[in-house]
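Dear colleague,

I am handing over the structure below, and my notes on what was found in it follow directly after. Please read them with the coordinates open beside you.

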Amino acid sequence: MVARVATLDWLTDAAQHRRNSGLHRVLRARTTADRMIDLASNDYLGLVRHPDVVDAACAATRAFGTGATGSRLVTGTTTLHDQLENALSTFMGAESALVFSSGYTANLAAVTALSGRGSLVLSDAHSHASLVDACRLSRARVEIYARTDLARVEHLLRERSEERALVVTDSVFSADGELAPLGELHRLCRAHEALLVVDEAHGLGVRGTGGRGYVEEQGLDGAPDIVVTATLSKSLASQGGVVLGPAAVRDHLIDTARPFVFDTGLAPAAVGAASAALTVLRNEPERAAAVRERADRLADIAGVPHSQSAVVSVVLGDPDTAVRAAGDAREQGVHVGCFRPPSVPAGTSRLRLTARATLTDDELDRVAQVLGSVLDRAAA
């Protein structure tokens, strides 16, 4: 007979508390037979099943195998990695690029390797969780600022005692689709010799000339005091992340960034897929505008203001209400995102609708029927 150990009894109470608060989460596996209208994924350009992208993933697997086989510094770098980094840096107007196994590790690497003890890091209050975790691991002094409180940013930069300072922000915020004040932030960073780190996860493929991102749209691409991170798992229909910036930054990350040195390289299939998706975007730049046009139509359907990105946020307030609304939509064949704390502040649980360039008129007509009934019931 195995003796009972109470070490993890607290998990039962914690799980019940989450259920009572409307914060319990479950995994739902998709199947190949899934025919729901997708308003939940981040496949903004509709490339995840594009034949060129799928074929490139298969070709990379046939050429290099199913895995990278080691860290980038050992065996995990292939000619495909080099080609993707060159293509990304050229497309986004940066001097260099370094590919990681995820957007999460790219953010961890950029922030931790470029700060450290004796540094100051300023982070937007709604920065992505990967940036939040990077700040926590940086060992720097971390200060949080509200998106519009540029006076606080200036004060903290001006009065700092630390020699080095970073300001980190999303370009497009993932929960509400709003834009960061990049021009003003860069002006403050330039005036106070700070580095601006911008996560373009939701900007690449959606904002800028032909989807080159919001940094490019603001005329800041290639600036020597800006480092850009991005994920390959959204507009580029693959997996992985990238850090773009001056060549000296790339060299520094290769030598010192723990998420680069100690992590297995990005699998060849993912590299091939991302490269092919980038080629499609270069050849079909109209996909970026199509995403935003369909986002406007989704906003009109939901009765909320137009989005500045692919993300349309429908705030319902209570987490249980949001969960029920998402479930109601799913039962009627429309898959929507459901964001609750800690992804969003308490009292702002919401449906998160993501536009896709390939959404058809028929699909949008069906979405209008479903969301109309779902939101009416949520408001009742």
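Arg-147 lies over the face of Phe-173, at 3.6 Å from the ring centre; please bear in mind, here and in what follows, that this is a predicted model.

The ring centres of Phe-100 and Phe-260 are 5.6 Å apart and their planes stand at 70 degrees, so the pair is classed as edge-to-face, for which the angle has to be over 60. This pair links distant parts of the chain, since Phe-100 belongs to strand E2 (residues 96–100) and Phe-260 to helix H10 (residues 258–261), 160 residues apart. Both Phe-100 and Phe-260 are buried.

Turning to the nonpolar cores, the largest has 87 residues, and those with the most contacts inside it are Leu-88, Val-167, Leu-232, Leu-298 and Leu-353. Helix H11 (residues 268–283) gives the most to this core, contributing nine residues. Apart from this core lies another, of 25 residues, among them Leu-114, Val-121, Leu-131 and Val-249. If neighbours within four places in sequence are left aside, the contacts of Leu-298 include Leu-39, Val-312, Leu-353 and Val-367.

A charged residue also deserves a look. Glu-85, placed in helix H3 (residues 79–92), counts as buried because its relative accessibility is 3%, where the cut-off is under 20%. Leaving aside neighbours within four places in sequence, Glu-85 is in contact with Arg-72, Ala-97, Leu-98, Val-99 and Arg-250.

With best regards

Methods. Residues numbered from 1 in each chain as written. Predicted model: local features only at pLDDT ≥ 70, side-chain atom pairs only at ≥ 80, totals over all residues. Heavy atoms only, no water. Core = buried A, V, L, I, M, F, W, Y, C linked by side-chain atoms within 4.5 Å. Buried < 20%, exposed > 50% of the residue type's maximum accessible area, 1.4 Å probe, protein only. Helix = DSSP H or I, 4+ residues; strand = E, 2+ residues; numbered from the N terminus. Contact = heavy atoms within 4.5 Å. Phe/Tyr/Trp six-rings, centres within 6.5 Å; stacked < 30°, edge-to-face > 60°. Lys NZ or Arg CZ within 6 Å of the ring centre and 35° of its normal.
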